[in-house]
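Morning, everyone. Please have a look at the structure on the screen, and then I'll take you through it.

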Amino acid sequence: MTDQALDLGGPDRAGGVRTGAGDRFLGRHRELTSLHADIERAGLDTLAGRKAARARVLLIAGRPGSGRTALAEELARSLADRYPDGVVRARMTEPGGRPVPLEESARSLLRGLGVAAPPGAGEDELTESVREALAVRRVLLLVDDAHDAEHVDLLIPDNPDALVVAVSDGPLTKIPGVRPCTLGGMDAKSAIELLTGFTGEVRITVDPQAAEAVAEECGGQPAALVLLGGWLAARPSSSVADAARRLRALPDDGQQPSGGRPLARAFRLVYESLPPTSARTLRLLALAPAGTADAHTASALAGCSVSAAQTTLESLASLGLLRRADDVFEVPGCLAGLLKALLDATDRPSEVQLARARMLERTVRRLQACRAVTEPDGSPARRKLAGLPRALRFTSVAEADAWLDARREVLLASARVAVDDGELDTLARRLVAGLVRALAAHRGTDAAAADLYGLHRLVLDVAQRRGLHRERAAALLNLADLDAGTGRTEEALARYREALDAGRLARDAYATGRAMESVGGAYQELGDWQRAADWYGRALAQRQTRGEWADEARLYGRLGTAHTYAGRYGEALRSWRAAVAGHRRLGDVPAQARALSEVARVQEYAGRPQESLRTCREAVEWARRAGDARLQAALQLRLADTLERLADPAAAQLHRHAAERLLGEEGSAYEIRSGSKED
């Protein structure tokens with residue numbers, strides 16, 4: 001990561017803005033010295049003879065564009081040796097000004113710390129996990145663009161060996177013991193040195209007073225100076241005095257606070273010098289999710305080719321209007337509001353909506369290509385992929401995987417923005433569906449569970465807003481499954497019941513049947529066997545009316561399991577025998593053998609060992625026919641246990657030896673479960 005002096009106001013993951021002045025940190029020496037002194041200064045606890053209870057909190061406060069994030073990054077770089085567990089970062093505000101929910105910030109921190117967070121966990125649980133993870137690490141936590149003191153306070157660990165550096169545009173008075181460092185403009189010498197990095201020394205040397213005038217007109221704000229430097233760099237024949245004269249001629253924007261007027265004037269000077277096509281592209285970048293765009297995003301917004309969009313983005317970055325980070329471009333947070341105001345004042349709402357729709361459609365197609373590349377050659381998805389334009393395709397799974405990983409946060413932000421907009425719900429639904437499929441294909445549902453949980457909630461929001469009962473039922477079922485998988489059974493049960501109601505409103509037999517079965521599973525997990533059996537019975541009745549034999553056989557097994565746990569062995573035997581008959585009708589020999597083993601288990605529980613022995617031998621024969629050696633070995637061990645209880649140790653030993661021969665040295669037989677994989 002390259003440490004630079006400048007920050008255009010928003011989160012700066014690339015470390016700063018390249019100015020032509022190299023990688024030196026310009027100015028802010030007094031502020032850096034003050035921050036280092038604050039770290040060393042004894043706190044009230046130390047003066048009282050007590051060990052500090054929490055991490056020390058430093059605040060860097062300043063307007064967007066003042067270089068506050070760059071100063072925080074430089075401080076972190078200078079302290080790297082003192083915090084061996086590294087620097088972790090949390091972003092609290094997106095470049096467009098949207099507050100990042102605390103849940104998202106906490107999850108981002110946990111990912112950076114390598115700590116797994118369960119999908120669906122609430123703010124309290126996530127922030128507690130963050131504090132616990134930081135409590136045992138000597139880290140520096142950098143909280144960028146903090147907008148809420150209470151949110152920052154919830155992340156501060158009870159660890160005096162950690163340090164928290166918060167960046168904000170104002171005081172965080174609700175945090176006890178915070179030490180503020182307020183930024184104004186850069187000193188004149190540093191400001192001129194910054195301009196020199198763009199213009200070269202000659203233009204500054206021939207008119208030093210003009211350079212001082214430019215620095216004064218810019219209020220010493222690094223963001224404004226970068227814009228003027230980019231403007232001068234693009235005009236080698238223009239003098240610094242010309243830049244100062246043009247700045248003075250621009251009227252102040254009365255709607256801007258006094259501290260923001262120098263940046264607004266510098267931006268206006270550069271913006272008005274742009275060709276119309278570039279100016280329009282720049283305005284439309286106010287729609288880019290999370291303030292981040294690549295050539296595809298810009299191409300879709302502007303309605304031009306990908307190569308033309310790339311050229312435009314590079315020219316805008318050279319002027320300081322964008323920040324480049326690898327192959328993407330970021331809208332500086334201090335300029336996002338100015339771009340949004342220009343877009344609202346200049347472009348017709350219908351044109352803006354069309355540009356947003358093009359951007360979402362392009363993202364959907366890229367996600368479809370990302371998923372399709374994981375499909376086998378010759379599959380329908382791969383044939384469809386071959387029909388896409390070359391610029392939209394991925395040449396390999398590795399390339400698509402890297403793209404998905406690099407764009408993950410932007411894609412999730414795009415989904416949130418699309419749903420929040422509320423005017424393009426069809427595209428929003430397609431985008432969320434495409435992202436769900438791509439994440440599942442590349443990451444797997446378990447690894448992507450946290451992201452999938454958030455996406456299913458977005459689907460639920462749209463479905464509720466539009467009265468789409470089928471999609472509402474599907475989203476509720478998916479969310480409930482994730483809740484159940486993380487042990488939140490009560491929450492899962494409530495959602496399964498909601499899904500049942502939505503499925504009935506949609507007249508969706510699959511959703512209602514799935515919901516009834518899942519309600520039964522939730523009650524089984526809670527140990528309420530009577531209600532579990534009741535709901536399994538309802539689901540079974542529906543499957544029987546629809547002639548769904550495989551589901552019918554499986555549900556008989558689940559019903560038998562519930563009756564077994566409840567001690568109703570007669571009903572359990574009837575259910576398991578019905579499951580055996582169902583699997584026999586389907587020709588599923590392994591499932592038939594498993595169901596027979598469960599019949600034997602229930603017979604043993606019911607005190608009928610001889611019947612259990614005969615049934616278990618029958619199950620062994622069916623397992624042999626199925627060619628499942630491990631199942632056969634497990635059943636041989638079941639036979640051995642039964643024979644031992646019948647006081648026949650010699651026969652039991654024979655069956656144990658048979659099981660060992662079947663398994664060889666590969667491992668032991670697995671336990672035969674009392675139902676299907678879903679159980």
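The largest share of the lining of the largest cavity, five residues, comes from α19. Before I go on: this is a predicted model, where local features need pLDDT of at least 70, side-chain atom pairs count only at pLDDT 80 or more, and totals for chains, interfaces and linings use all residues. Residues are numbered from 1 along each chain as its sequence is written, and side-chain values use heavy atoms, with hydrogens and water left out.

Now the terms. On a 1 Å grid over the protein atoms alone, a cavity is a set of points where a 1.4 Å probe fits but cannot get out; a pocket is an open set with protein on both sides within 12 Å along at least five of seven lines; lining residues have an atom within 4 Å of a point. Points join across faces, edges and corners, and a volume is the space filled by probe spheres set on them. Helices (H or I, at least four residues) and strands (E, at least two) are DSSP runs, numbered from the N terminus.

Back to the cavities. The structure holds four of 30 Å³ or more. The largest cavity has a volume of about 200 Å³. Of its 16 lining residues, the closest to the centre are Asp-294, Thr-297, Thr-363, Trp-403 and Leu-411. Elements giving two or more residues to this lining are β6 (292-293), α14 (295-302), α17 (349-372) and α19. By class, the lining has seven nonpolar, five polar and four charged residues. Here Ala, Val, Leu, Ile, Met, Phe, Trp, Tyr, Cys and Pro count as nonpolar, Asp, Glu, Lys and Arg as charged, and the others, Gly among them, as polar.

The largest pocket has a volume of about 970 Å³. It is lined by 39 residues, and the closest to its centre are Glu-104, Ser-105, Ser-108, Arg-111 and Glu-409. Two or more lining residues come from each of α3 (68-78), β2 (87-91), α4 (102-113), β3 (140-146), α19 (397-421) and α21 (449-466).

On to helix packing. Axes are lines fitted to C-alpha atoms, for helices over the stretch in contact, and angles run from 0 to 180 degrees between N-to-C directions.

First pair: α27 (residues 569-586) and α28 pack at about 165 degrees, axes 8 Å apart. The two are therefore roughly antiparallel (angles over 145 degrees; under 35 is roughly parallel, 65 to 115 roughly perpendicular, the rest oblique). The crossing is left-handed, meaning the near helix is turned anticlockwise from the far one by less than a right angle; clockwise is right-handed. Contact (heavy atoms within 4.5 Å) includes Trp-576 of α27 and Leu-596 of α28. It has twelve nonpolar, three polar and three charged residues.

Among the contact residues are Arg-594 of α28 and Leu-635 of α30. The classes are four nonpolar, two polar and five charged.

Last pair: α22 (residues 469-485) and α24 (residues 509-525) have axes within 10 Å, crossing at roughly 25 degrees. So α22 is roughly parallel to α24. The crossing is left-handed. Ala-473, Leu-477 and Asp-481 of α22 meet Ala-511, Arg-514 and Ala-515 of α24. That contact has four nonpolar, no polar and two charged residues.
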